[in-house]
Amino acid sequence: MLILLGVAVVVAGFAAGFNPLLVVMASAFATGLAAGLSPVEVLSAFGKAFNENRYVSAAWLILPVIGMLERAGLQERARDLIRGLKGVTFGHLMVGYLLFRQLTSALGLTSIAGQTQTVRPLLAPMAEAAVESDGGELVDSDRQRVKAFAAATDNIGLFFGEDIFMAIGSILLMVGFLDQSGVRLEPLDLSRWAIPTAIAAFAIHGARILIFGRRLARRAGA
Amino acid sequence: MIKLGFVYILAGLVFAAYALLSARDQTNPRRWRNALFWGLLAASFLAGDHFGDLGNGVLVLVLAVTAGVGKLGQGTGGVALLADRQASALRFGNRLFLPALVIPAVVLFGTLVVKTWKLGEVPLLDPKQATLISLAAGALLAAGAAFALFRQPMITPLQEGRRLMDLVGWAALLPQMLAALGALFALAGVGKVVGDLVTTWIPMNTPFMAVAVYCIGMALFTLVMGNAFAAFPVITAGVALPFLIHRFGGDPAVICAMGMLSGFCGTLMTPLAANFNVVPTALLELKDRFAVIRAQTPTALPLLLINMVLMYVFAFRPHG
């Protein structure tokens with residue numbers, strides 16, 4: 001039971017707004033010490049795992065080229081493109097992106113879009129422009145919500161598309177785990193059962209996008 | 001064989017450049033703190049395999065303290081003016097999208113085609129890491145295309161990369177830190193304790209009750225662990241296998257597939273899924289750190305409910 005102290009540290013630390021890197025270190029020590037490790041053993045175990053997980057941070061290599069394109073005017077061009085297409089609303093753009101992200105992820109193409117390479121330089125500016133092209137200038141709080149919705153749409157499209165692909169990590173994890181537990185399944189058996197939830201995710205999030213878009217348009221028009 | 005090591009060296013050199021540029025940036029009031037932070041990360045990427053476990057542990061601790069006891073800073077100089085960016089956007093038009101399309105094209109080509117190439121018996125790309133290697137190659141080729149099209153100075157990608165990296169700040173390291181914390185949780189047996197707690201305290205007399213406990217358990221445990229992959233083996237071994245599959249005879253394919261997706265509903269609601277929920281708020285310069293989670297929760301909760309209904313309907317139909 002004492003081992004759960006580390007979990008409590010994470011929850012309380014995040015809620016209290018301490019720097020998350022320090023919260024993680026504190027939780028690591030709480031968990032390790034509760035499990036009977038010495039402080040040096042905790043630090044070694046954490047250091048080993050940190051080093052083995054460097055690939056998680058290696059994806060930041062994409063930032064320099066995104067920065068280059070932004071300096072050359074990528075965000076502004078993305079906005080102009082949407083303004084030039086009359087009749088493209090926030091709803092069309094975002095539902096279209098949700099569908100694109102779910103379908104490509106379902107084909108295993110999870111890395112062709114994402115928060116760094118698509119949402120910040122392209123989708124978020126396009127979404128703002130789509131709202132502004134039928135209404136007026138967005139107020140700051142709405143602008144923030146539009147950007148947050150763009151980030152959310154990318155995540156939801158990714159999560160509820162990728163499990164339809166047979167060779168994705170989570171499917172392989174399930175096949176391996178079930179095999180150890182004496183249940184033999186093929187990846188396809190699992191991946192086809194991701195389809196009903198994917199459809200439900202599209203319906204729910206798509207409806208929310210349309211409702212939010214209509215509310216934005218009404219407010220901008222008023 | 002091209003392995004992840006090449007990507008690590010490249011990333012290490014880029015972070016080292018960020019550290020040097022930070023140290024020289026007079027407009028950043030906390031330039032030495034930033035230089036230390038990115039410098040330590042560069043050292044980890046370039047030489048992490050030579051520090052030993054304790055050495056790496058000390059490095060992480062210093063990194064966390066550097067970012068944690070005071071804030072990292074941001075330079076104010078060198079930002080391209082909006083008017084300049086607009087003029088540039090007009091001048092280059094849709095050509096601006098070309099380098100941005102190089103990245104997904106290279107990732108596709110790398111993971112679908114190059115992954116199958118072999119030199120003799122050895123695959124050209126480390127098959128487990130083909131996506132990340134392709135992403136790094138895509139970034140390099142896109143930068144090459146951008147140089148050719150826009151004739152920017154050679155230092156531009158590093159300066160602009162650092163500007164964006166400073167915007168993200170310590171949040172950039174959070175996903176890797178949480179991955180390491182997950183490993184420590186596994187070592188300490190946190191999962192088993194939680195699994196035992198769930199099954200001891202909640203009665204599971206009917207299939208519907210077991211479905212609800214499994215789906216909500218997956219979502220809640222993912223909320224705490226930040227990762228459905230960590231929750232899946234624990235909650236499935238504790239709830240799904242003994243109750244749903246063995247006692248009530250449910251279809252394991254339906255139960256596991258939808259159980260994992262219930263976990264994904266939890267991922268949408270936790271700051272511990274830093275890559276998806278915290279990093280974007282920094283990238284998009286949002287004031288509220290929980291803005292993305294707030295935008296996702298009204299989708300995640302009804303979806304979790306529908307997922308339970310779907311599991312109940314499909315798992316207990318007659319199956320062969």
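A disulfide is a pair of cysteine sulfur atoms within 2.5 Å. This is a predicted model: local features need pLDDT of at least 70, side-chain atom pairs count only at pLDDT 80 or more, and totals for chains, interfaces and linings use all residues. Residues are numbered from 1 along each chain as its sequence is written, chains are lettered from A in the order in which they are written, and side-chain values use heavy atoms, without hydrogens and water.

**View 1. Cysteines of chain B.** The whole structure holds 0 disulfides. B:Cys215 has its closest cysteine sulfur in B:Cys265, 8.7 Å away, too far for a bond. B:Cys256 is in no disulfide either; the sulfur of B:Cys215 is 11 Å away. B:Cys256 is buried, at 0% relative accessible area (buried: under 20%, 1.4 Å probe, protein chains only).

**View 2. Helix α10 of chain A.** Helices are DSSP runs (H or I, at least four residues), numbered from the N terminus. Helix α10(A) covers residues 169-180. Its buried residues include A:Ile171, A:Met174 and A:Phe177. The buried residues pack against α11 (187-191) of chain A, and against α11 (228-247) and α12 (252-267) of chain B (contact: heavy atoms within 4.5 Å). A:Gly182 follows α10(A), with a positive phi near 85°.

**View 3. Interface of chains A and B.** The contact takes 101 residues from chain A and 131 residues from chain B. The rule finds 5 salt bridges across this interface (a side-chain nitrogen of Lys or Arg within 4 Å of a carboxyl oxygen of Asp or Glu). B:Arg85 forms a salt bridge with A:Glu76, with the closest N and O atoms 2.9 Å apart.

Methods: Buried means under 20% relative accessible area, exposed over 50%, partly exposed in between (1.4 Å probe, protein chains only). Helices (H or I, at least four residues) and strands (E, at least two) are DSSP runs, numbered from the N terminus. The expected span of a helix is 1.5 Å times one less than its number of residues.
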